[in-house]
Amino acid sequence: MFGYVIRRVAAGLSVVLVVMVISFFLFFIGPAKPEYAICGDRNCTPSRLADIRASLSLDKPVSEQFTEYFSGIFTGREIHSGGFVKECDVPCLGWSFIRNEPVTKLIVERLPVTISVALGAMVIFTTLGVTIGALAAIHRGSIWDRALVSSSLILTSFPYYLVALLAAIYLTIQFEVFPRSGYHPLTDNPWEWFKGLLLPWAVLGAVYATAYARYTRAAMVEALSEDFVRTARAKGLSPRRVHFRHALRAGLTSVVTILGLDLAGLLAGTIFTERIFEVQGLGLLALNAFDNGDLPVIMGSVMYASFLLVGLNIVIDIVYSFLDPRVRLG
Amino acid sequence: MADPTLLETGASEPPASPTASAGSPLRSKSPTQIALERLRKDKVAIICAIIVLAFILIAIFANVITAITHTDPGQSNQQLIDDYGFPTVNPSAEHPFGIEPRLGRDLFARWVHGARPSLIVAISASVISTALGTAMGLLAGFLGGRVDRAISWLIDLLLSLPLILVVIAIAPVVQTWFNTNNETVSMVRLWTLVVIFAFFGWTGLGRLIRAEVLSLREREFIQAARAIGVPTRQILFRELLPNLTGQIIIFLSLAIPSYITAEAGLSYLGVGLTEPTPSWGLTINAALNYYETYPIYFWQPALGILVLVLALNLLGDSIRDAFDPKTRR
């Protein structure tokens with residue numbers, strides 16, 4: 001077990017490290033000329049270009065630049081720009097010259113927004129999806145079950161952003177069924193926070209719930225045909241206890257794995273949701289950085305996302321080994 | 001030919017119809033033939049296939065269609081636009097879907113031409129990623145050892161990068177390699193999308209094929225082929241690959257709608273295709289400002305994507321069912 005964890009963490013770290021090296025070379029060594037991108041088209045004087053070059057250490061050799069960037073993540077570093085020295089604290093992912101703020105700070109500021117969207121939607125789609133899926137599996141073959149299977153097939157075929165766009169247009173602006181979406185910090189005003197995120201949660205939750213209903217149904221149908229369920233029935237347990245304590249619990253282990261991956265994906269940035277419902281989260285941060293040519297922010301977003309995905313993947317594998325006693329990590 | 005699934009032919013088929021048994025009662029069928037037969041009986045699949053075919057024909061003959069209807073996707077009709085940028089004419093025979101606000105370009109022509117980039121990106125990216133996934137899966141599963149570890153590590157790496165972020169990160173860098181003429185930028189963006197989709201999309205199939213190969217390679221017919229000294233290349237392509245056709249076709253058929261969705265979505269976000277290429281995603285983005293006053297502007301690209309993706313997905317699901325010996329109809 002311990003050896004397995006060590007090996008997984010080492011493999012994960014190697015992935016993150018390579019992502020870092022690739023993105024570093026893509027942006028700072030490649031022909032992208034970051035100083036022009038950062039400077040923009042207007043008032044780009046040679047002295048300002050030279051200043052940006054110096055602050056990005058572009059005048060130093062490649063290896064030195066990389067060491068500086070790499071060590072900045074662990075020890076923090078100082079960034080010189082326009083005659084000022086700016087402190088970039090640990091973990092320093094670079095400096096956004098367009099916003100004139102450290103990338104880490106920008107990401108940390110947006111983090112609560114994306115976490116709010118992701119966790120709220122997760123509460124909806126897990127409860128809704130698992131309940132519907134479990135009921136469909138218990139009443140397998142009934143009209144409701146077949147209706148669920150075929151409707152979820154069609155629903156999951158629709159592009160998510162079109163569903164979200166239609167909901168945003170027709171449910172808040174044309175007919176005011178839902179309050180206008182937007183983000184208000186939870187600590188400021190919990191009611192406004194709840195109201196502003198209600199529609200994003202509902203849409204994200206509904207779309208994911210159909211998929212989760214299908215996973216849960218499949219997992220539970222399989223669990224219901226297993227020997228331990230027959231044993232539970234044979235020893236006279238009530239159907240409710242057999243279904244929910246035995247079959248559902250066993251079926252949920254595979255659902256938990258998918259849940260972990262989806263959660264990682266959502267926390268990496270719900271770009272479409274944030275763009276459509278005007279919620280200023282991590283996804284919009286990356287998208288705006290693209291529009292402004294803010295390369296350090298894009299790079300920071302990529303690093304954050306890959307770190308998150310790799311880390312959560314390892315956690316899922318370890319949790320899975322506890323949930324499913326048949327899995328032995330060797 | 002060594003093909004273990006052949007044995008199931010009789011079991012998965014309904015009692016043979018008199019016409020079939022009269023001719024040659026013991027004619028063997030490959031799994032692909034069985035699947036095609038099942039597909040032909042599937043009404044949903046037939047309808048979806050016809051819809052998809054219609055879209056493909058629209059994309060191929062886009063020039064012919066716009067020539068017949070005398071519309072032009074690039075020509076702007078400023079005389080039909082009022083001072084506020086709103087079109088002054090309703091949809092008519094001359095402009096079947098109306099005209100675009102502000103520039104006054106014909107929306108029907110843009111819709112017809114918008115089918116092109118969607119299908120070009122989706123089909124080329126899915127063909128490349130399917131080929132890549134098959135090759136990587138075969139190599140990892142069959143060679144094992146170091147090659148397997150390297151490929152598995154590469155899959156881990158690719159899976160740790162969200163697709164949209166990759167496009168956001170790579171598109172501006174690639175763009176600076178070329179000159180900044182609008183048409184070139186648009187073409188570069190299109191092929192950048194194809195390359196990114198292809199390079200990041202094969203991982204699912206790669207894992208699947210690897211797992212299949214790991215179990216197939218211990219089967220008797222492969223052992224026998226090895227024992228009589230069949231060269232590796234022939235084992236891979238003549239013995240292993242035919243057993244994987246089902247998985248490969250299923251992946252291909254479901255990859256196409258997902259890439260169409262992704263292309264239109266990225267174009268809507270402004271990181272995919274760019275003007276002047278007509279693209280449904282771009283039209284949706286532009287139309288959002290006019291959804292109240294001019295809903296047809298928003299709905300025609302939205303319905304295009306919706307119908308095409310739905311038809312492709314349902315067709316893909318039918319193909320999956322047709323190849324799965326466990327489904328009963």
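Residues are numbered from 1 along each chain as its sequence is written, and chains are lettered from A, with ligands numbered from 1, in the order in which they are written. Because the model is predicted, local features need pLDDT of at least 70 and side-chain atom pairs count only at pLDDT 80 or more, while totals for chains, interfaces and linings use all residues.

**The whole complex**

Start with everything shown. The predictor gives the complex an ipTM of 0.82 and a pTM of 0.84. The mean for chain B is 81, and 84% of its residues reach 70 or more. Now select residues 1-22 of chain B, where pLDDT stays under 50. The model has 17 contacts beyond four places in sequence for residues 1-22 of chain B; two residues are in contact if their C-beta atoms, placed from the backbone, lie within 7 Å.

**Chain A**

Helices (H or I, at least four residues) and strands (E, at least two) are DSSP runs, numbered from the N terminus. Of the 330 residues in chain A, 37% are buried. A residue is buried if 20 or more other C-beta atoms lie within 10 Å of its own, exposed if 12 or fewer, and partly exposed in between, with C-beta atoms placed from the backbone.

Next, colour residues 2-100 of chain A as domain 1 and 104-323 as domain 2; such bounds come from an automatic or database domain assignment. The centres of the two domains, taken over C-alpha atoms, are separated by 34 Å. Where they meet, 21 residues of domain 1 of chain A are in contact with 19 residues of domain 2 of chain A. On the domain 1 side, helix H1 (2-29), helix H2 (34-39) and strand E3 (95-96) of chain A are the elements giving two or more residues. H1(A) gives the most to that side, with 10 residues.

**Chain B**

Switch to chain B, which has 14 helices and 0 strands. Buried residues make up 39% of its 329 residues. Stop at Ile46(B), in helix H4 (residues 43-60) of chain B. Draw a line from its C-alpha atom to that of Tyr294(B), 248 residues apart along the chain: the separation is 35 Å.

**Between the chains**

Show both chains again. Here 30 residues of chain B are in contact with 37 residues of chain A. Select H7 (145-159), H8 (163-175), H12 (232-269) and H14 (295-323) of chain B, helices that each supply at least two residues of the side touching chain A. Which helix gives the most to that side of chain B? H14(B) does, with 8 residues.

**The core**

Finally, select Ala121(A), Ala286(A), Ile298(A), Val302(A), Val167(B), Ile168(B) and Tyr259(B), the residues with the most contacts inside the largest nonpolar core, which has 153 residues. A nonpolar core is a set of buried Ala, Val, Leu, Ile, Met, Phe, Trp, Tyr and Cys residues joined through C-beta atoms within 7 Å. Helix H5 (residues 103-138) of chain A gives the most to this core, with 15 residues. End on Ala286(A), which touches Gly269(A), Ile298(A), Ser301(A), Leu165(B) and Ile168(B), not counting residues up to four places away in sequence.

Note on methods:
pLDDT is the predictor's confidence in each residue, from 0 to 100.
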